[in-house]
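Subject: Structure for your files

Dear colleague,

Here is the structure I said I would pass on. My notes follow below it.

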Amino acid sequence: MTARDVDLWETARESRDGTGAFQWFGHTPVHAVRRRLAEDGLLTADGGILSVWHDGEPVGRVEWWASSWGRPATSSCWTIGVGLLDGHRGRGIGTAAQTALVAYLFDHTRAERIQAWTDALNVAERRALERSGFELEGIVRRGQWREGAWHDQALYSVLRP
Ligand SMILES: CC(C)(COP(=O)(O)OP(=O)(O)OC[C@H]1O[C@@H](n2cnc3c(N)ncnc32)[C@H](O)[C@@H]1OP(=O)(O)O)[C@@H](O)C(=O)NCCC(=O)NCCS
């Protein structure tokens, strides 16, 4: 990620079209992201953010952060997230980016499990996860408050081959 990527992300976060309907949580600042970019390049042992490029230009980002189903020292896994800029969706980039991120994380970390969740109605992300090797584990009922309502979330994972 570069300062330019964060600027693009900031613009995207100004509107529902910018984030996509399933990522619109109202207005949220990117100040903390800028601070972290200066401090650690947004790449630490606990997670990171990478810019997604296509045809020579930045088109979005992938993220991962440590999560745990027990003691973090022994039961840690990665949760991943993705967001493409408006105008670059629906062209296979989200599938390719998440496929590449999974390979990268299994190559460079000791994770046994990589998980992701998305709105149960987010067909594009659900398909992109499935095409990237993720399997559906279940539905987290009313897990997320967004735009005046609770939304079920679909939980997916991929295990180290
Ligand atoms: C979700 C997202 C990452 C998916 O990436 P993408 O590049 O748009 O998706 P792809 O082109 O790789 O398509 C993946 C699958 O979804 C389908 N798809 C794409 N857009 C779709 C849409 N709007 N409605 C229904 N299906 C759609 C594709 O046909 C493909 O299915 P297939 O493999 O059966 O042909 C991207 O659309 C995005 O950033 N959206 C906004 C932010 C967001 O929702 N992030 C995820 C939140 S957890």
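Please keep in mind that this is a predicted model.

I begin at the end of the chain pattern, with the hairpin. Strand 6 and strand 7 form this hairpin, and two residues lie between them. Glu147 sits in the turn and has a positive phi of about 50°. Strand 6 covers residues 135-146, and strand 7 covers residues 149-159. The two pair in the antiparallel sense, over eight bridges.

As for the whole fold, the protein chain has six helices and seven strands. Along the sequence their order is α-α-α-β-β-β-α-β-α-β-α-β-β. The radius of gyration is 15 Å, close to the 15 Å that the globule rule gives for 161 residues, so the protein chain is as compact as a globular protein of that length. Its C-alpha trace spans about 35 × 35 × 30 Å along the principal axes.

Two figures on packing complete the notes. Of the 161 residues in the protein chain, 25% are buried. Taking contacts between residues at least 6 apart in sequence, 54% join residues at least 24 apart.

Regards

Definitions and conventions:
Residues numbered from 1 in each chain as written. Predicted model: local features only at pLDDT ≥ 70, side-chain atom pairs only at ≥ 80, totals over all residues. Pairing = 2+ DSSP bridges. Helix = DSSP H or I, 4+ residues; strand = E, 2+ residues; numbered from the N terminus. Rg over C-alpha atoms; globule rule 2.2 N^0.38 Å. Buried ≥ 20, exposed ≤ 12 C-beta atoms within 10 Å, placed from the backbone. Contact = placed C-beta atoms within 7 Å.
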